[in-house]
Structures are given as structure tokens and as C-alpha cells.
Amino acid sequence: MSYYSMTFPFLRNFTDQIMSSNINKDTKAIILYDSQSVGGSTDRLIDSIGRKLAETGAYVEKARCKANADYSFVKEFDLVVLGAPIYYLLVASELSGALSRSNLKRALKGKKIAMFVTCGSPEPMAQFLYLPQIKMHLDNPVILTEKVFSPDQASDPSAVADFVNDITAAFGKSC
Ligand SMILES: Cc1cc2nc3c(=O)[nH]c(=O)nc-3n(C[C@H](O)[C@H](O)[C@H](O)COP(=O)(O)O)c2cc1C
């Protein structure tokens, strides 16, 4: 039984998707994400990000957000990746709900955070309209990098590699 299935029942569906690496187990990363679709662009993207992060040596887990879950476990992680698609101009509701209504905001205080949105809008619009919907909830974060992925880029290894390289470079500098 995995750590999460024992401690955080709401994450039970994801215990078979834990990704890890033996290179540097000192760094614990979690990808907190949301999507209305299963197997859609965000699912593909977070799997690619998780695998790429694990290649750097980090221990990586992922969890699909629920608006009213208990996020106290997030305090155990050194690096948090937040990501969600945009539906009708808004960040997907379980992630935005978790940020505004649960203890996730408190758990993220002072954390090293990378964030992304997946959306069909042009990047400048997404930078202006969508990413702030995540950032406005963060309390004293260290934002490592932020990225707008188009649905096509969700399957683009080089776009994912660039994002993860930005994360690892900024993480190293912030230590
Ligand atoms: C119902 C619906 C509403 C959407 N609304 C927007 C929007 O307002 N702005 C935008 O940039 N993209 C919008 N999109 C595009 C999605 O953000 C994009 O396709 C995303 O990659 C979907 O992620 P998913 O495959 O994980 O569901 C919308 C997509 C759907 C299906």
C-alpha cells in the first residue's frame, strides 16, 4: 500500500501513478492539478512533466485536486507544480476551489511553486487573464516558473522539457 492510499483516501485513484527516481530522493515534488477530462491534454501533460522531473532525480507524486480536500500533506513537499486547463475563461474549478476554500493556500505558504495552464487562448491573453487566477491565492510563494501550454504542446516533448528545465534551474538558484 502506498503512502498516499494510507493517509489521504481522496487520492486513492492515483496510487498506481506514483513516479520516482533514485538519483536524488532528497527533493520531493508534487503535481497538483485539475481537469474535467480523463486522458485529455492536462493528463498527458502532467504525466510527461512528472516523468521528466523524476529523471532529474526528484521523487515525484501527482494528485488531482478536490476543492474541499485536506492539503496539509503538501507541507512535506519541497516543490509544488500547480496546473489546470481553462474552461470558459476560468481555471478549472477543483483547483481554483481548493485554492480559495481549502487549507491548500496555507499549505503552500512560502513553497517553491511552478505553475501552468493549458488553454486554447494566445499566450499573452493567458498570461494576463488566467495565470493570475492561480497566483492571486498564493501567500509569499517562490514562483520558479510559469507556463501556458496550448493543447498541442501538451504532447510536445520539447515544450515539456523546457518547462522542467526552467523549474530545475530556478529551484537550484532558490536553494
Ligand atoms: C468546455 C470548454 C471550454 C473552454 N474554454 C476555454 C476558454 O475560455 N479559454 C481558453 O483559452 N481555452 C478554453 N478551452 C480550451 C481548453 O482549455 C484546452 O483545450 C485544454 O487543453 C483542455 O484541457 P483538458 O484536455 O485537460 O480538458 C475550453 C475547452 C473546453 C472543452
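**Exercise 1. Determine which elements the buried residues of α7 pack against, and which residues these are.**

The buried residues of α7 pack against α2, β3, β5 (112-118) and β6 (142-149), where contact requires C-beta atoms, placed from the backbone, within 7 Å, and where helices (H or I, at least four residues) and strands (E, at least two) are DSSP runs numbered from the N terminus. This is a predicted model, in which local features need pLDDT of at least 70 and side-chain atom pairs count only at pLDDT 80 or more, while totals for chains, interfaces and linings use all residues. Residues are numbered from 1 along each chain as its sequence is written.

The buried residues in α7 are V160, F163, V164, I167, T168 and F171, whereas S158, A169, G172 and K173, on the other side, are exposed; buried means 20 or more other C-beta atoms within 10 Å of the residue's own, exposed 12 or fewer, and partly exposed in between, with C-beta atoms placed from the backbone.

**Exercise 2. Describe which elements supply the shell around the ligand, and its classes of residue.**

Of the 16 residues around the ligand, G40, T42, P85, C119 and S121 come nearest, a residue being near if its C-beta atom, placed from the backbone, lies within 6 Å. At least two shell residues each come from α2 (41-55) and β3 (79-87), and β3 gives the largest share, 3 residues. By class, the shell has 7 nonpolar, 9 polar and no charged residues, with Ala, Val, Leu, Ile, Met, Phe, Trp, Tyr, Cys and Pro counted as nonpolar, Asp, Glu, Lys and Arg as charged, and the others, Gly among them, as polar.

Notes. Two residues are in contact if their C-beta atoms, placed from the backbone, lie within 7 Å.
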